[in-house]
Amino acid sequence: MPTPFPSQPGGLGGAFGALGAIIGPAMMLAIALQKPGPVRTLLKSGADNPEHARKLSTLGLTEPPLAPLIRSGVVVRESDGRIWVDRAKARRRQWRIGAILGGASVVVCGIAAVILSL
């Protein structure tokens, strides 16, 4: 039984689809990196110790993006609701995330190299 959509050999549909699969996530990442995150916002305001802790409302931050940072201990919440950044934990977390992403990139590139060499 023939397919309802005949294939066209030599078409560029596959190439454009692959290009879109790469450019889409890259653009989302670029947009996300343009906006400073909660840690950068806290560090710019100088909230890096309990004496300089700030309220969420004064920084324009909301609770949902802070939840994982509070759980990991990077952002510390005081009993009165003020928050501040633990610089050492933030640095370790940044290195850990970079190592994970770098390792994943090496694995994906290795798999692509093996596939392309076949």
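A salt bridge here is a side-chain nitrogen of Lys or Arg within 4 Å of a carboxyl oxygen of Asp or Glu. Keep that cut-off in mind while touring this predicted model. Side chains of opposite charge can pair when their charged atoms come close. By this rule the count comes to three salt bridges.

**Stop 1: aspartate 48 and arginine 87**

Select aspartate 48 and arginine 87. Their side chains meet in a salt bridge, 2.9 Å from N to O. Now colour by element of secondary structure. Aspartate 48 sits in the loop between helix 2 and helix 3 (56-59), while arginine 87 belongs to helix 5. The pair links distant parts of the chain, 39 residues apart. Aspartate 48 is partly exposed, at 26% relative accessibility. Arginine 87 is also partly exposed, with a relative accessible area of 39%.

**Stop 2: glutamate 63 and arginine 77**

Next, select glutamate 63 and arginine 77. This is another salt bridge, with the closest N and O atoms 2.6 Å apart. Here a helix is linked to a strand: glutamate 63 lies in helix 4, arginine 77 in strand 1 (residues 75-77). Glutamate 63 has 36% relative accessibility, so it counts as partly exposed. Arginine 77, at 35%, counts as partly exposed too.

**Stop 3: aspartate 80 and arginine 82**

Move to aspartate 80 and arginine 82. Their side chains form a salt bridge at 2.7 Å, N to O. Aspartate 80 is partly exposed at 41% relative accessibility. Arginine 82 is partly exposed as well, its relative accessible area being 24%.

**Stop 4: the largest pocket**

The largest pocket has a volume of about 840 Å³. To find its centre, select Gly37, Pro38, Val39, Arg40 and Arg93, the closest to it of the 26 residues in the lining.

Which helices each supply at least two residues of the lining? Select helix 1 (13-34), helix 2 (38-44), helix 4 (63-72) and helix 5 (87-117). Then leave helix 5 on its own. Helix 5 gives the largest share of the lining, eight residues.

Finally, colour the lining by class. It has 15 nonpolar residues, six polar and five charged.

**Before you close the viewer**

Bring helix 5 back with both features shown. Arginine 87, in helix 5, pairs with aspartate 48, and helix 5 also contributes eight residues to the lining of the largest pocket. Then return to helix 4.

Terms used. Residues are numbered from 1 along each chain as its sequence is written. This is a predicted model: local features need pLDDT of at least 70, side-chain atom pairs count only at pLDDT 80 or more; totals for chains, interfaces and linings use all residues. Side-chain values use heavy atoms; hydrogens and water are left out. On a 1 Å grid over the protein atoms alone, a cavity is a set of points where a 1.4 Å probe fits but cannot get out, and a pocket is an open set with protein on both sides within 12 Å along at least five of seven lines; lining residues have an atom within 4 Å of a point. Grid points are joined across faces, edges and corners, and a volume is the space filled by probe spheres set on the points. Helices (H or I, at least four residues) and strands (E, at least two) are DSSP runs, numbered from the N terminus. Ala, Val, Leu, Ile, Met, Phe, Trp, Tyr, Cys and Pro count as nonpolar, Asp, Glu, Lys and Arg as charged, and the others, Gly among them, as polar. Buried means under 20% relative accessible area, exposed over 50%, partly exposed in between (1.4 Å probe, protein chains only).
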